[in-house]
Amino acid sequence: MASFEHPYVPRDLELHGYVPCFLSQSEIVAPYLGISVVVVALVWILSGRVPKISGLDRLLMCWWAFTGLTHIILEGYFAFSPEFYKEKTPFFLAEVWKEYSKGDSRYAGRDSVIVTVEGVTAVIEGPACLLAIYAIATKKAYRHTLQLAICLGQLYGCLIYFITAFLEGDNFSTNQFYYWVYYIGANCWWILIPSLIARRSWKKINAAFQAEKKTKAN
């Protein structure tokens, strides 16, 4: 199979059968952002029909929809498509990962840690995020426990992601633009937002136990 010269770092990374992106950066990023906005807007509109639901819970439903579908569809494709960089057609999901690998070539190189983290995220955390939407909408008793568990999983995955890169030299980006926009920018939200949600759910769970304790004491 003919192989083109790849743009990734390190330059001696072997990618036999590599085929360059067919789509430009804007043709990849714009549809992804557009679809994400549509999903968030749709969930926001539909969540407005849920009786007695707060604006914050509606925002959380939007977040879980976005992150859940990202885990299942985007990360799921990566985890179970080891030869995405050989794709000879402008298949969108393959194009996304060819492009993102400019920010972290461990994806194109099928680093075992990355594949494991993304696989677990897609199979376990993705469906759990969608379950969180249902739990919030129906006010299930386990909704905060579930959200806390998902957040801890996402935070753990991000820590593994960043720490292993640091320990291996943190030299997997084509240039500084891709480093800050893709590697840092695209991933920092899965540290910031889960941290805030985890803190809120932790407080809610503690408050529930305190209320139960007072009830038993009386």
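**View 1. K52 sits in the loop between helices α1 and α2.** Helices here are DSSP runs of H or I with at least four residues, strands are runs of E with at least two, and both are numbered from the N terminus. This is a predicted model, in which local features need pLDDT of at least 70 and side-chain atom pairs count only at pLDDT 80 or more, while totals for chains, interfaces and linings use all residues. Residues are numbered from 1 along each chain as its sequence is written, and side-chain values use heavy atoms, with hydrogens and water left out. If you check the backbone torsions, you will find that K52 has a positive phi of about 55 degrees, although it is not a glycine. Most residues other than glycine have a negative phi. With a relative accessibility of 81%, K52 counts as exposed. For this term the cut-off is over 50% relative accessible area, against under 20% for buried and in between for partly exposed (1.4 Å probe, protein chains only).

**View 2. K139 belongs to the loop between α4 (112–137) and α5 (143–167).** K139 is not a glycine either, and its phi is positive, near 55 degrees. Its relative accessible area is 40%, so K139 is partly exposed.

**View 3. The peptide bond from V9 to P10 is cis.** Its omega is near 0 degrees. Most peptide bonds are trans. To find the spot, look in the segment before α1 (25–47), where P10 lies.

**View 4. Helices α2 (residues 55–79) and α7 (residues 189–217) pack with their axes 12 Å apart.** The angle between them is about 135 degrees. The crossing of α2 and α7 is left-handed, meaning that the near helix is turned anticlockwise from the far one by less than a right angle; clockwise would be right-handed. On the α2 side, the contact (heavy atoms within 4.5 Å) is made by L56, D57, L60, W63, W64, F66, T67, T70 and H71. The α7 side supplies W189, W190, I193, P194, I197 and R200. By class, this contact has 10 nonpolar, three polar and two charged residues. Nonpolar covers Ala, Val, Leu, Ile, Met, Phe, Trp, Tyr, Cys and Pro, charged covers Asp, Glu, Lys and Arg, and the others, Gly among them, count as polar.

**View 5. D57 is placed in helix α2.** Its relative accessible area is 16%, so D57 is buried. Leaving out residues up to four places away in sequence, D57 touches I136 and R200.

**View 6. Helices α5 and α7 cross at roughly 145 degrees.** Their axes come within 8 Å, and this crossing is left-handed. From α5, the contact takes in H144, T145, Q147, L148, C151, Q154, L155, C158 and F162. From α7 come W190, I191, P194, S195, I197, A198, R200, S201, W202, K204 and I205. The class tally for this contact is 12 nonpolar, six polar and two charged residues.

**View 7. Y183 lies in helix α6 (residues 176–185).** Its relative accessibility is 4%, so Y183 counts as buried. Apart from neighbours within four places in sequence, Y183 is in contact with Y100, G103, D104, R106, Y161, F162, A165, D170, S173 and Y178.

**View 8. Two UniProt "transmembrane region" spans, residues 59–80 and 148–167, are picked out here.** They come from an unreviewed entry; UniProt positions follow the numbering used here, feature names are shortened, and annotations may be inferred rather than shown by experiment. Residues 59–80 are 95% helix and 0% strand, with end C-alpha atoms 30 Å apart. Residues 148–167 are 100% helix and 0% strand, and their end C-alpha atoms are 28 Å apart.

Definitions and conventions
Axes are lines fitted to C-alpha atoms, for helices over the stretch in contact, and angles run from 0 to 180 degrees between N-to-C directions.
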